[in-house]
Amino acid sequence: MPIIYNITTERQFKRLVSKTDAINVLNFWAAWAEPCKQMNEVFTELADRFPSLTYIQIEAEEFPTISQSMSVGSVPSFLIIKENQVLDSVEGAKAAELSNMVAKYSHAQGSNQHTVSNNELEFRLRDLIQTDHVMVFMKGNPSKPRCGFSRQVVELLAELQVKYSSFDILTDDQVRQGLKTFSDWPTYPQIYVKGELVGGLDLLKEMIASGEFQDMV
């Protein structure tokens, strides 16, 4: 079973979040908020999958001082904090964003502790691939591609007016190397639709020419 601290006093909260070098994932929730029920399940699953972080649940309205100190204005809200400093956050019932955020900081913590597991990486890659209906792993980002192949993919998708999300593989070498093995595809960019690999630039061009890609999206 994953270890999740349910806050019962402000003193307990302060003690947990002040630990040196610990990265904490905070879940601000409320019993009356229906989205919190689903996200609490996601939170528990993430605690099981990424145990290198510390997971803390706070019933927001029961501890208004804590909520205000963390600038929490709605539930569910999730924060990453280290030594009382907020590093990142996700507001609302956004399971994929929360998963990606937790995986990112689990990797950072694991790198420090040399404990990143293959299972954690695989879970992270699966979550990233399924972030959006169409997902592009590229060098750079759509507004500033950093290789000619990535630029061409951006231009093709723009011409088709396809909505998509992207991940800059130059910012995370673990994802860059891991995805090559995970998908058995050695180069970038990589395009995914509904969590399935379409391929790279050449295959994308072929599928657009045949109309197959348009049917998929």
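View 1. R49 and D127 form a salt bridge, with the closest N and O atoms 2.6 Å apart; the term stands for a side-chain nitrogen of Lys or Arg within 4 Å of a carboxyl oxygen of Asp or Glu. Between domain 1 and domain 2 the count is one salt bridge. Please keep in mind that this is a predicted model, in which local features need pLDDT of at least 70 and side-chain atom pairs count only at pLDDT 80 or more, while totals for chains, interfaces and linings use all residues. Residues are numbered from 1 along each chain as its sequence is written, and side-chain values use heavy atoms, with hydrogens and water left out.

**View 2. The two domains and the contact between them.** The domain assignment gives domain 1 (4-107) and domain 2 (118-216); such bounds come from an automatic or database assignment. Ten residues from domain 1 and eight residues from domain 2 take part in the contact, where contact means heavy atoms within 4.5 Å. The C-alpha centres of the two domains are 30 Å apart. The size of an interface is often given as the accessible area lost when the parts come together. Here the area buried between domain 1 and domain 2 is about 820 Å², and carbon and sulfur atoms give 52% of this area; buried area is the accessible area (1.4 Å probe) that two parts lose on being put together, summed over both. Of the area that domain 1 buries against domain 2, 58% is supplied by R49, N100 and H107, more than by any other three residues.

**View 3. Helix 4 on the side of domain 1 that touches domain 2.** Two residue pairs are in polar contact between domain 1 and domain 2 (both at pLDDT 80 or more); a polar contact is a pair of N or O atoms within 3.5 Å, where within protein one must be able to donate a hydrogen and the other to accept it, and residues adjacent in sequence count only if both atoms are side-chain atoms. Helix 4 (residues 95-113) gives the largest share of the side of domain 1 that touches domain 2, seven residues. Helices here are DSSP runs (H or I, at least four residues), numbered from the N terminus. S99 lies in helix 4 and touches V42, L46 and D127, not counting residues up to four places away in sequence. S99 counts as buried because its relative accessibility is 6%, the classes being buried under 20% relative accessible area, exposed over 50% and partly exposed in between (1.4 Å probe, protein chains only).

**View 4. E45, R49 and D127 in one network.** A network of salt bridges links E45, R49 and D127. The closest N and O atoms of E45 and R49 are 3.0 Å apart in their salt bridge. Both residues lie in helix 2, four residues apart, about one turn of the helix. Which of the pair is buried? R49 is, with a relative accessible area of 12%, whereas E45 is partly exposed at 43%.

View 5. K37 forms a salt bridge with E34, the closest N and O atoms being 3.4 Å apart. K37 and E34 are three residues apart in helix 2 (residues 34-49); K37 is partly exposed at 46%, and E34 is exposed at 54%. In helix 5 (residues 118-129), E122 and R126 are four residues apart, and their salt bridge has its closest N and O atoms 3.0 Å apart.

Note on methods
Helices (H or I, at least four residues) and strands (E, at least two) are DSSP runs, numbered from the N terminus.
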